[in-house]
Amino acid sequence: GDLLSSFGHIHQSLGEKDEAEKAIKEAYHLTPNDVLTLSNLALLYSEKGQVQEASKLFEKALGLYPKNTLLLFNYALHLSKTGHTLQAIKLLNRVIGINGDYHKAYGLLGVIYKNEGNYSKAINYFNRAIALFDKDVQIFKERWELYRVTGNFAAALADMGTANALDNSIL
């Protein structure tokens, strides 16, 4: 089940949605209570706009694995994309409570607060994420956009340069 689910996740990341769905559903059929399979299938449903199906799978998975940080993070990601930011923030705080070094949780909190216009809080979360892991291009991109919007062009250029150094396909 794990292998099929992983193949499905790879297909999904490559944009091969039909292949992804087939592999992940096969994995779910073989191992319906596997945390990775449940999470990948829920994310697939979320990306397809099947919000209720995704939420049901995340809830099922959390019933089985209430302290799994990947699962909690993925559910928070789903919730943040569907406008349920307060629930997403609560889940992300749970992730941080379990693993204070989970940089992606801080990064997603930064995105949520940026989207809400709370720029100072967003910067603090982006800074914390980068302090924990300074190789995440997406977080640098988010922070550079925030610096640009707030008029801190020197910081924006510095982050743009760092992001480009990490992934030279950006510019």
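**Figure 1. The largest pocket holds about 570 Å³ of space.** This is a predicted model, in which local features need pLDDT of at least 70 and side-chain atom pairs count only at pLDDT 80 or more, while totals for chains, interfaces and linings use all residues. Residues are numbered from 1 along each chain as its sequence is written, and side-chain values use heavy atoms, with hydrogens and water left out. A pocket here is an open set of points on a 1 Å grid over the protein atoms alone, where a 1.4 Å probe fits and protein lies on both sides within 12 Å along at least five of seven lines. Grid points are joined across faces, edges and corners, and the volume is the space filled by probe spheres set on the points.

**Figure 2. The lining of the largest pocket has 22 residues.** Lining residues have an atom within 4 Å of a point. Nearest the centre of the pocket lie Phe-73, Asn-74, Leu-77, Lys-81 and Lys-104. Two or more residues each come from helix H1 (2-13), H3, helix H5 (69-81), helix H7 (103-115) and helix H9 (137-149). H5 gives the largest share, with 6 residues. By kind, the lining divides into 9 nonpolar, 8 polar and 5 charged residues. In this scheme Ala, Val, Leu, Ile, Met, Phe, Trp, Tyr, Cys and Pro count as nonpolar, Asp, Glu, Lys and Arg as charged, and the others, Gly among them, as polar.

**Figure 3. The protein chain has 10 helices and 0 strands.** From the N terminus on, its elements read α-α-α-α-α-α-α-α-α-α. Helices (H or I, at least four residues) and strands (E, at least two) are DSSP runs, numbered from the N terminus. Of the 171 residues in the chain, 43% are buried; buried means under 20% relative accessible area, exposed over 50%, and partly exposed in between (1.4 Å probe, protein chains only). Contact means heavy atoms within 4.5 Å. Among contacts between residues at least 6 apart in sequence, 42% join residues at least 24 apart.

**Figure 4. Helix H2 (residues 17-30) meets helix H3 (residues 35-47), with axes that come within 9 Å.** The two axes cross at roughly 145°. They are lines fitted to C-alpha atoms, for helices over the stretch in contact, and angles run from 0 to 180 degrees between N-to-C directions. The crossing of H2 and H3 is left-handed, a term for a near helix turned anticlockwise from the far one by less than a right angle. On the H2 side, the contact is made by Lys-17, Ala-20, Glu-21, Ile-24, Lys-25, Ala-27 and Tyr-28, and on the H3 side by Thr-37, Leu-38, Asn-40, Leu-41, Leu-44, Tyr-45 and Glu-47. These contact residues divide into 8 nonpolar, 2 polar and 4 charged.

**Figure 5. Here is a closer look at Asn-40 in helix H3.** Asn-40 is buried, with a relative accessible area of 4%. Its C-alpha atom is separated by 9.9 Å from that of Ala-27, 13 residues apart along the chain.

**Figure 6. Lys-141 and Arg-148 both sit in helix H9.** Lys-141 counts as partly exposed at 31% relative accessibility. From C-alpha to C-alpha, Lys-141 and Asn-164 are 9.3 Å apart in space and 23 residues apart in sequence. Arg-148 is also partly exposed, with a relative accessible area of 42%. Leaving aside its neighbours within four places in sequence, Arg-148 is in contact with Phe-153 and Ala-156.

**Figure 7. Thr-150 lies in the loop between H9 and helix H10 (153-166).** Thr-150 has a relative accessible area of 41%, so this residue is partly exposed. Thr-150 and Tyr-119 are 31 residues apart in sequence, with 8.1 Å between their C-alpha atoms.
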